[in-house]
Amino acid sequence: MTTYEFVSPATGKCVPIEAVYDKTLSSKVLGDGVAIFPTAGEGTVSAPCDCVVSRVSEAKNAVTILDTVRDIEMMLCAEVDTDMHSPKVSFCVEPGQTVKTGETLFTCDVDDIRAHGYQVEFPCIITNAPLSDIRATTGDVIRGESSVMSCESVG
């Protein structure tokens, strides 16, 4: 088996996906992964691996990427309380674009979101299933530097 490592897409506190507020994400219906509760002023989300952007959501809050070498698909999003209308999320990529580990996917104004009394978190979910033994890091992580998740290939 081969072990795959992914670097942190954001700076903040890393938790297993089960700890997020959104019940759909925390139930792992979309897949397993982690979430980062960003540090104040740290609203940049970067690629956790070399990848190709497959999709930017119509709601402009999520991006799906594909690690074409390892055939791993991931979704990264800015999960903001649904009561907040139009959080400031700016995408820096578009579908079909090749992105290297650590390059910015999107940014959001974390401080503005929190100033309006809302919660923000950055889930990073493996959405396809050719992997086993997905292990999440917990605690403080630094975007582009800290390992946040590892998993084993199947077969």
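**Reading the salt bridges**

Tutor: Asp-67 is buried, with a relative accessible area of 4%; buried means under 20%, exposed over 50%, and partly exposed in between, for a 1.4 Å probe and protein chains only. This is a predicted model, in which local features need pLDDT of at least 70, side-chain atom pairs count only at pLDDT 80 or more, and totals for chains, interfaces and linings use all residues. Residues are numbered from 1 along each chain as its sequence is written, and side-chain values use heavy atoms, leaving out hydrogens and water.

Student: Which residue forms a salt bridge with Asp-67?

Tutor: A salt bridge is a side-chain nitrogen of Lys or Arg within 4 Å of a carboxyl oxygen of Asp or Glu. Here the partner of Asp-67 is Arg-70, with the closest N and O atoms 2.5 Å apart. Arg-70 is partly exposed, at a relative accessible area of 23%.

Student: How many salt bridges does a search of the whole structure find?

Tutor: The search finds 3. In one of them, Glu-18 pairs with Lys-28, and the closest N and O atoms are 2.7 Å apart. Glu-18 lies in the loop between strand 2 (12-16) and helix 1 (23-26), and Lys-28 in the loop between helix 1 and strand 3 (32-38), 10 residues apart. Helices (H or I, at least four residues) and strands (E, at least two) are DSSP runs, numbered from the N terminus.

Student: Are Glu-18 and Lys-28 buried, exposed or partly exposed?

Tutor: Glu-18 is partly exposed, with a relative accessible area of 42%, and Lys-28 is partly exposed, with 32%.

Student: Which residue forms a salt bridge with Asp-32?

Tutor: Lys-28 does, with the closest N and O atoms 3.5 Å apart.
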